[in-house]
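Please look over the sequence and the structure shown here before reading the report that follows.

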Amino acid sequence: MSHGTEPPRRDRPARDPGLQPERTRLAWRRTALALTVIMVLTVRLALTGPPAGGTLGALVAGAAVLGWGAALTVCWRRATGTGPAPGYGRSLPLVALATAGFALLGTLLAARGLG
């Protein structure tokens, strides 16, 4: 009686990942570079935008640096191929949260500069 499924074949060669690991590492490096540029611009705008400096500017700059550091830790481990960080399932949301945070900070700072 055949159920339409074949038993696993043992004569298949091992899976060849090709260039996928290299493309993945390069993508994480681009993500780290983009987050670094955004962090620098956010800190610059927070500290020099109207009104220049102040406590709010320092808090925004500090939040940007902390978010960047957390996301960069994840990105660097992935970009260097040293493997996923502990808590693999939590690393991608961390990078997404840092990216969304930078977008929100940039929008708020730009709106403050236009006002």
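Predicted model: local features only at pLDDT ≥ 70, side-chain atom pairs only at ≥ 80, totals over all residues.

Helix H1 (residues 20-48) packs against helix H2 (residues 54-79) at an angle of about 170°, and their axes lie 9 Å apart. Axes here are lines fitted to C-alpha atoms, for helices over the stretch in contact, with angles running from 0 to 180 degrees between N-to-C directions. H1 is therefore roughly antiparallel to H2, a term used for angles over 145 degrees. The residues in the contact of H1 with H2 divide by class as follows.

| Class | Residues in the contact of H1 with H2 |
|---|---|
| Nonpolar (Ala, Val, Leu, Ile, Met, Phe, Trp, Tyr, Cys and Pro) | 18 residues |
| Polar (the others, Gly among them) | 4 residues |

Residues are numbered from 1 along each chain as its sequence is written, and side-chain values use heavy atoms, leaving out hydrogens and water.

The protein chain has 3 helices and 0 strands, where helices (H or I, at least four residues) and strands (E, at least two) are DSSP runs numbered from the N terminus. Of the 115 residues in the protein chain, 21% are buried, meaning under 20% relative accessible area with a 1.4 Å probe, protein chains only.

Leu108 belongs to helix H3 (residues 88-114) and is exposed, with a relative accessible area of 52%, exposed being over 50%. Leu108 and Ala46 are 62 residues apart in sequence, and their C-alpha atoms are 9.9 Å apart in space.

Technical notes. Parallel < 35°, antiparallel > 145°, perpendicular 65-115°, else oblique.
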